[in-house]
Amino acid sequence: MFKKILIANRGEIALRVIRTCQEMGIRTVAVYSVADRDSLHVRLADEAVCIGPASSKDSYLNIPQIMAAAELTDAQAIHPGYGFLAENADFSRTCEENGVIFIGPKPDMILAMGDKISAKKHMQEAGLPIIPGSDGLLVSTKEGKSLAQEMGYPILLKATAGGGGKGMRIVQEESEFESAWTTARTEAASSFKNDGVYMEKLIEEPRHIEIQILGDQYGNVCHLSERDCSIQRRHQKLIEETPSPFVDQALREKMGAAAIKGVERLKYEGCGTIEFLVDKHKNFYFMEMNTRIQVEHPVTEEVTGKDLIEEQIRVAAGEKCEYDHFYPSHFAMECRINAEDPFQDFRPSPGTIQNLHLPGGREIRVDTHIYVGYQVPPYYDSMIAKLIVSGRSREEVISRTQRALHEFEVEGIATTIPLHQAILRDSDFQQGNFSTQFMDTFSIG
C-alpha cells in the first residue's frame with residue numbers, strides 16, 4: 001500500500017480523498033493555487049505545495065508543476081479527483097513515465113473512452129446498443145444536413161472531445177442546422193481545443209442513467225448498480241439518486257450486464273461509469289464512459305456501504321476487486337449546492353461565507369470544503385457542497401432531504417438551495433415522472 005499520495009485537485013473532492021487516506025493510514029500532499037491558500041484541503045493535508053496563480057491553466061492543469069510537487073514530497077501516487085486532469089491521458093502517461101502511480105486508468109483506456117466517436121466504436125464492437133448517428137466526425141454542413149434528412153429531425157450535434165454540455169446543440173429542423181453547427185464547433189474549440197463534432201439522433205423524453213463499475217489489474221470487474229442523473233440544467237447535473245424510480249429490475253440487470261461487457265473489453269482498471277440514455281419505452285443506448293470517480297459517487301457509497309475512493313486506491317496499489325454485482329435495497333439522493341443565484345439566471349456568486357449551518361440527523365451527509373470566513377473564489381467550478389441523504393424508501397429520502405435543505409444555511413453568498421427545495425416540492429419529481437428535459441419547463445417560482 002502507498003505511504004504517501006498527492007491529490008491533484010481542490011475543494012470538496014480533494015478533502016474527500018484526504019479523509020479516506022487518513023483513515024487508511026496514508027500521508028497526503030495537497031497542491032493549491034494562490035487563490036486556494038486558505039482552503040480546507042490545504043489545512044488538513046500532511047503537506048501542501050503551491051503550484052501557481054489562480055488560473056487553472058497555470059495551476060491545477062499545470063502538469064510539470066504537479067509532477068515537481070510529487071517529486072519534491074516523494075509522493076508514490078497521485079489521485080486526480082474529478083475534473084481538471086482526471087481524464088487526461090497525457091497526465092496518466094507522465095505519471096507512468098516518472099514512476100508515480102496514477103490512481104485511475106491507463107493512458108490507452110482514457111484515450112479510447114475520451115473521444116466520443118472512439119468510445120462508441122469500442123462499445124458497439126462489445127455489443128452495446130448505440131444511438132443512431134454519424135459514423136465519425138462531420139466534415140461539412142452539407143454532409144450533416146444530408147444525414148439529418150435520412151435520420152429525421154430532431155438531431156443532436158456533439159463535440160467529440162466534449163463534456164458538461166459544451167459543444168452540444170439540438171437541431172429541430174434544417175433551417176437551424178448551420179447556426180447550430182457554427183456554435184457547437186466554436187464552443188468545442190474554445191473548451192477542448194478540438195472543434196470536431198458528430199451527430200446523433202435526439203432521443204426524446206430520455207432518462208440519463210449511469211452504471212457504476214469497478215475493475216482491477218487482473219481482469220475482475222463488477223458493477224454497483226445505477227444512478228439516475230436526469231435532473232439537469234444545460235447538461236449539468238443537479239440531483240442524482242439511486243435506485244432510479246424509472247428502472248425496473250429487468251432493465252437494471254440488462255444495463256448492468258451491458259456495462260460489464262463494455263469494461264471487460266477494455267480490461268478497465270479503477271472506478272468508472274458507463275452512461276446510458278434510456279427512452280420512454282426503456283430502450284437504452286450507450287452515450288459515453290467517464291474514466292474517473294464521479295461527483296455523485298456518494299449516493300452509491302450510501303447504499304452499498306463501500307468507500308469508492310478507498311476502492312480506487314486499493315486497485316491502483318494492485319489489490320483485487322472481489323465483489324459481486326450489487327443491486328440496492330436502500331435509497332439515496334444527492335443535491336449539488338452551487339454558489340449561484342437561481343433567481344438571477346444562475347449568476348455566479350463568489351464571496352465570503354459569513355454564516356454557515358450544516359444539516360444533521362439520521363442518514364444525512366454533507367461533503368463540503370467551505371467554512372465561516374471562507375472566500376469562495378470566482379475562478380473555478382461553482383459547486384460548494386453536496387447534500388447526500390439516504391433512507392428506506394424514495395419517499396422517505398425526499399422528505400428527509402426537504403428537512404435537511406430547510407436546515408442548510410449559507411449566508412454571504414447566493415446558493416442553489418432554493419432551487420432544490422422547489423424541485424423537491426414538484427409533484428412530477430415526487431412521482432418520478434421526469435426526463436432530462438425536466439428543467440426546460442421548470443420554474444422556481
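## A guided look at the model

Proline 154 sits in the loop between α7 (141-151) and β6 (155-159). A cis peptide bond links tyrosine 153 to this proline 154, with omega at about 5 degrees. Keep in mind that you are looking at a predicted model. The protein as a whole has 15 helices and 22 strands, and two of its sheets get their own sections here.

- Most peptide bonds are trans, and most residues other than glycine have a negative phi.
- You will find proline 243 in the loop between β11 and α9 (249-266).
- Phenylalanine 84 is not a glycine, yet its phi is positive, at about 45 degrees.
- The loop that holds phenylalanine 84 runs between β4 and α4 (89-97).

**Overall shape**

- How does the radius of gyration fit with a compact globule? For 445 residues, such a globule would have a value near 22 Å, and the protein's 21 Å agrees with that.
- Along the principal axes, the C-alpha atoms fill a box of roughly 60 × 50 × 45 Å.

**The parallel sheet**

- Strands of a sheet pair through backbone hydrogen bonds, and this can happen in a parallel or an antiparallel way.
- Five strands make up an open sheet with parallel pairing, and their order is β3-β2-β1-β4-β5.
- The edges are taken by β3 (47-52) and β5 (101-102); each has a single partner strand, so one side of each is left without a neighbour in the sheet.
- Inside this sheet, β1 (residues 4-7) and β2 (residues 27-33) run parallel and are joined by four bridges.
- Which residue in β2 is the bridge partner of lysine 4? The partner is arginine 27.
- Helix α1 (residues 11-23) packs on the sheet, where it touches β1, β2 and β4 (77-79). The direction of α1 makes about 170 degrees with that of β1.

**The antiparallel sheet**

- Another open sheet has eight strands with antiparallel pairing, in the order β13-β12-β9-β10-β11-β14-β21-β19.
- At its edges are β13 (284-290) and β19 (364-368), each of which pairs on one side only.
- From one strand to the next, the twist averages 25 degrees.
- Strand β12 (residues 270-278) runs antiparallel to β13, and six bridges join the two.
- For threonine 273, the bridge partner in β13 is asparagine 290.
- Helix α10 (residues 297-304) packs on this sheet and touches several strands, including β9 (207-215), β10 (221-233) and β14 (331-338). Its direction makes about 155 degrees with that of β14.
- Helix α12 (residues 394-407) packs on the sheet as well, touching β11, β14, β19 and β21. The angle between the direction of α12 and that of β21 is about 140 degrees.

**A pocket and a cavity**

- The second largest pocket has a volume of about 270 Å³.
- Which residues lie nearest the centre of the second largest pocket? They are Glu205, Arg207, Asn433, Phe434 and Ser435, out of 16 residues in the lining.
- Sorted by class, the lining of this pocket has six charged, five polar and five nonpolar residues.
- How many cavities of 30 Å³ or more are there? The count comes to one.
- The largest cavity holds about 30 Å³ of space.
- Among the residues that line the largest cavity are Pro80, Gly81, Ala86, Phe102, Arg292 and Gln312.
- In this cavity's lining, six residues are nonpolar, four are polar and one is charged.

Definitions and conventions:
Residues are numbered from 1 along each chain as its sequence is written. This is a predicted model: local features need pLDDT of at least 70, side-chain atom pairs count only at pLDDT 80 or more; totals for chains, interfaces and linings use all residues. Side-chain values use heavy atoms; hydrogens and water are left out. Two strands pair if DSSP finds at least two bridges between them. Contact means heavy atoms within 4.5 Å. Axes are lines fitted to C-alpha atoms, for helices over the stretch in contact, and angles run from 0 to 180 degrees between N-to-C directions. On a 1 Å grid over the protein atoms alone, a cavity is a set of points where a 1.4 Å probe fits but cannot get out, and a pocket is an open set with protein on both sides within 12 Å along at least five of seven lines; lining residues have an atom within 4 Å of a point. Grid points are joined across faces, edges and corners, and a volume is the space filled by probe spheres set on the points. Ala, Val, Leu, Ile, Met, Phe, Trp, Tyr, Cys and Pro count as nonpolar, Asp, Glu, Lys and Arg as charged, and the others, Gly among them, as polar. The radius of gyration is taken over C-alpha atoms; the globule rule is 2.2 Å times the number of residues to the power 0.38.
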